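Subject: Structure for your files

Hello,

Here is the structure you asked for. My notes are below it.

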Amino acid sequence: MTTLPPRAGRRCHNALNPLHSTVYFSPDFAKELAALGVTDSGAAYFAGRAAAMGAVGPGVVTASFYNFSHELVARHLPAVWDTASPEAVLAARLRAADTTLRRLLGDAAVTSDEMAEAARLALRAAEGCTRHARPLYAAHADLPVPEEPHLAYWHAATLLREHRGDAHLVALLSAGLDPLEALVSHTATGKGMAPRWILATRGWRRADWDAAAERLRGRGLLDERGELTSAGSALRAELEDHTDRLDAAPYEHLGAADVERLTELGRGFLGAAVAAGAFPQDLAGKG
């Protein structure tokens with residue numbers, strides 16, 4: 001039985017996860033990967049997020065990332081490892097996290113007592129994570145914890161992000177949503193990535209998107225305008241509730257008061273990053 005308020009873990013995740021993600025939108029990340037010879041943005045992303053698993057091939061990444069076209073993944077993997085080793089990519093990603101957080105938050109926040117506190121709390125939450133059936137989390141859990149507090153915080157946010165992400169894939173499979181149906185239905189909530197970003201970065205074509213929307217309409221989950229029906233909204237809500245249940249352990253381990261404090265700290269750092277232009281303004285939405 002949970003000892004946490006409803007959706008407390010989800011709120012904490014939503015405060016921490018985007019700060020991890022700032023690295024993949026950062027010019028610092030692109031610069032670091034380009035210095036290794038990886039100049040394609042898709043190749044850089046796949047390498048950066050998959051490097052903890054080693055020099056894996058496209059099948060592993062398609063399976064563990066879930067919502068990318070396999071053809072796009074195979075265009076870059078395993079070839080990218082001939083240019084840059086996983087170890088070199090991981091080091092470059094951590095350097096990019098350092099420069100990105102310093103640029104977005106400022107040195108005062110990076111070296112603050114609040115950052116050190118957030119790192120301690122997030123790392124303690126991550127102690128409650130489990131490896132089984134969680135490949136991306138398990139791979140990152142084998143990496144050393146950085147010494148500097150802002151990088152330790154970013155590392156812990158990575159662990160908590162991938163732990164919930166791996167769990168979310170279980171929920172998607174249980175709901176019978178394939179990779180593109182998951183994206184289309186998430187976008188229809190108004191909280192997901194805008195279609196133009198998905199089509200530009202995930203390797204899908206407009207025809208693929210339209211076919212997925214038609215399948216959702218056939219299941220009564222999407223209406224003719226592309227909006228979620230009541231059944232579709234209920235399914236998306238249950239998906240998040242299912243994910244909450246599978247991802248409860250780290251937040252139960254941390255405890256209600258510290259989850260609330262970590263959420264407060266995380267929101268402060270995230271707000272500063274967003275205000276500093278961490279993400280494209282048109283990243284989310286239905287259009």
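Predicted model: local features only at pLDDT ≥ 70, side-chain atom pairs only at ≥ 80, totals over all residues.

Residues are numbered from 1 along each chain as its sequence is written, and side-chain values use heavy atoms, with hydrogens and water left out.

Helix α1

Helices are DSSP runs of H or I with at least four residues, numbered from the N terminus. The expected span of a helix is 1.5 Å times one less than its number of residues.

Of the 14 residues in α1, 11 are buried, where buried means under 20% relative accessible area, exposed means over 50%, and partly exposed is in between (1.4 Å probe, protein chains only). The buried residues are Ala-8, Gly-9, Arg-10, Cys-12, His-13, Ala-15, Leu-16, Asn-17, Leu-19, His-20 and Ser-21. They pack against α7 (86-105), α9 (113-126), α11, α15, α16 (249-254) and α17 (256-275), with contact meaning heavy atoms within 4.5 Å.

Leu-270 counts as buried because its relative accessibility is 14%. Leaving aside residues up to four places away in sequence, Leu-270 touches Asn-14, Ala-15, Pro-18, Leu-19 and Phe-279. Leu-270 and Asn-17 are 253 residues apart along the chain, yet their C-alpha atoms are separated by 9.2 Å.

Cysteines

A disulfide is a covalent bond between the sulfur atoms of two cysteines. Here the working rule is a pair of cysteine sulfur atoms within 2.5 Å, and by this rule the count is 0 disulfides. The closest cysteine sulfur to that of Cys-12 belongs to Cys-129 and is 11 Å away, so the two are too far apart for a bond. Cys-129 is likewise in no disulfide, and its nearest cysteine sulfur is that of Cys-12. Cys-12 counts as buried because its relative accessibility is 0%; Cys-129 also counts as buried, at 11%.

Helix α15 covers residues 230-246, which makes 17 residues. From first C-alpha to last it reaches 24 Å, close to the 24 Å expected. Gly-232, Leu-235, Arg-236, Leu-239, His-242, Thr-243 and Asp-244 are buried in α15. These buried residues pack against α1 (8-21), α11 (149-175) and α12 (179-188).

Rolling a probe the size of a water molecule over the atoms shows where empty space is left. A cavity, on a 1 Å grid over the protein atoms alone, is a set of points where a 1.4 Å probe fits but cannot get out, and lining residues have an atom within 4 Å of a point. Grid points are joined across faces, edges and corners, and a volume is the space filled by probe spheres set on the points.

The search of the whole structure finds 1 cavity of 30 Å³ or more. The largest cavity holds about 40 Å³ of space. Its lining is made of Leu-177, Ser-185, Leu-216, Leu-221, Leu-228, Gly-232, Leu-235 and Arg-236. α15 gives the most to this lining, with 3 residues. By type, the lining divides into 5 nonpolar, 2 polar and 1 charged. In that scheme Ala, Val, Leu, Ile, Met, Phe, Trp, Tyr, Cys and Pro count as nonpolar, Asp, Glu, Lys and Arg as charged, and the others, Gly among them, as polar.

Backbone details

Most residues other than glycine have a negative phi, and most peptide bonds are trans. The peptide bond from Leu-77 to Pro-78 is cis, with omega near 5°. Pro-78 sits in the loop between α5 (70-76) and α6 (80-83).

Arg-7, in the segment before α1, has a positive phi near 60°. Arg-7 counts as partly exposed because its relative accessibility is 46%. Ala-133 also has a positive phi, of about 60°, and lies in the loop between α9 and α10 (135-141). At 66% relative accessibility, Ala-133 counts as exposed.

Regards

Terms used:
Helix = DSSP H or I, 4+ residues; strand = E, 2+ residues; numbered from the N terminus. 1 Å grid on protein atoms, 1.4 Å probe; cavity = no way out; pocket = protein on both sides within 12 Å on 5 of 7 lines; lining within 4 Å.
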